[in-house]
Amino acid sequence: MKHLVAAAVLVLVVVSVPLCVSQLHFPIHEHSHVTFPMIKQRTLYKEYSPYWELEHNPKRKMALLIDDMQEEHRTYFSPRAVQQAQKILAAFRRHNLPIIWSFWSRTYGDGRQGSVDRFYGDTGLGSSANPCYVWEADGLKLMPEVAPHYSHEWDNTVASDHYDMFSNLGKHGESVVWEILKGNDVDTVIVVGAWTDMCILTTALSAFQKEYDVIVPRDAVGTPTPHGRSALEILNSVCCHTFPVAEIVHFLDHGRHPANETVASA
Ligand SMILES: *[C@@H]1O[C@H](CO)[C@@H](O)[C@H](O)[C@H]1NC(C)=O
């Protein structure tokens, strides 16, 4: 019994001494005159944009992710956004570069339950306006303008039940999208489609976390919410370029950024 008490006291002392010491230290830090360079410079932290340019890595290998461009989302895109998506898709086909499609696959009563279901809860169930689910009869169908044509392209189609395209897992728990990118030695990921402030935002951040250079062309995305522009501003400031499709296509076709084209031909 004595030993037990002694052991308990020892444990208490071992646990509480560092706590006391760390509590004692807080006031000392607060009142100290040491100014950490980080704190001083924090007022300078404003807005960032990528330091890298396409031309910094002329041999870069790009992949195109076409995120949830399906009939359910058609009205979220301006006609121009669809055209721009078609243009970049055509360029990727021309250069024989990898393209991956996803379509949001959740339907009401499909038996799955997850964070997205809990997030939206009962919102808009009666008016077919709960964003977790596809409501329209042809809602799952990829928009023909930007859908796969060839059988090898259909192999790169992913049924999605996560905002982040990378979170959709295959039979063995692998990220389907990431496996395709790794298998193709990709280093740069372009994300187009919908919704800008959900799937595009999360997929771009996820690609960035997996060490890819990321571009979200601002003229080839869409969302029904008022947050599209803010999402692009945040993305540009934390992880990716948002320059328009034309600049990417020009780089693919000519190996240069259009801004440098006049210099090159002069
Ligand atoms: C233009 O070319 C220069 C020199 O090659 C390069 O450093 C710069 O990043 C290029 N500009 C763009 C926008 O790619």
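## A helix pair and a ligand shell

Helix α7 (residues 196-209) and helix α8 (residues 228-238) pack at an angle of about 15°, and their axes lie 9 Å apart; axes here are lines fitted to C-alpha atoms, for helices over the stretch in contact, with angles running from 0 to 180 degrees between N-to-C directions. That makes α7 roughly parallel to α8 (angles under 35 degrees count as such). The two cross in a right-handed way, the near helix being turned clockwise from the far one by less than a right angle.

This is a predicted model, where local features need pLDDT of at least 70, side-chain atom pairs count only at pLDDT 80 or more, and totals for chains, interfaces and linings use all residues. Residues are numbered from 1 along each chain as its sequence is written.

Here are the residues that meet across the pair (C-beta atoms, placed from the backbone, within 7 Å):

| Helix | Residues in the contact |
|---|---|
| α7 | T196, D197, I200, L201 and A204 |
| α8 | G228, A231, L232 and L235 |

By class, this contact has 6 nonpolar, 2 polar and 1 charged residues (Ala, Val, Leu, Ile, Met, Phe, Trp, Tyr, Cys and Pro count as nonpolar, Asp, Glu, Lys and Arg as charged, the others, Gly among them, as polar).

Now to the ligand: E53, L54, E55, H56, H257, A259 and N260 surround it, each with its C-beta atom, placed from the backbone, within 6 Å. This shell holds 2 nonpolar, 3 polar and 2 charged residues.

For the whole protein, the secondary structure comes to 10 helices and 7 strands, taken as DSSP runs (H or I, at least four residues; E, at least two) and numbered from the N terminus.

Definitions and conventions
Parallel < 35°, antiparallel > 145°, perpendicular 65-115°, else oblique. Contact = placed C-beta atoms within 7 Å.
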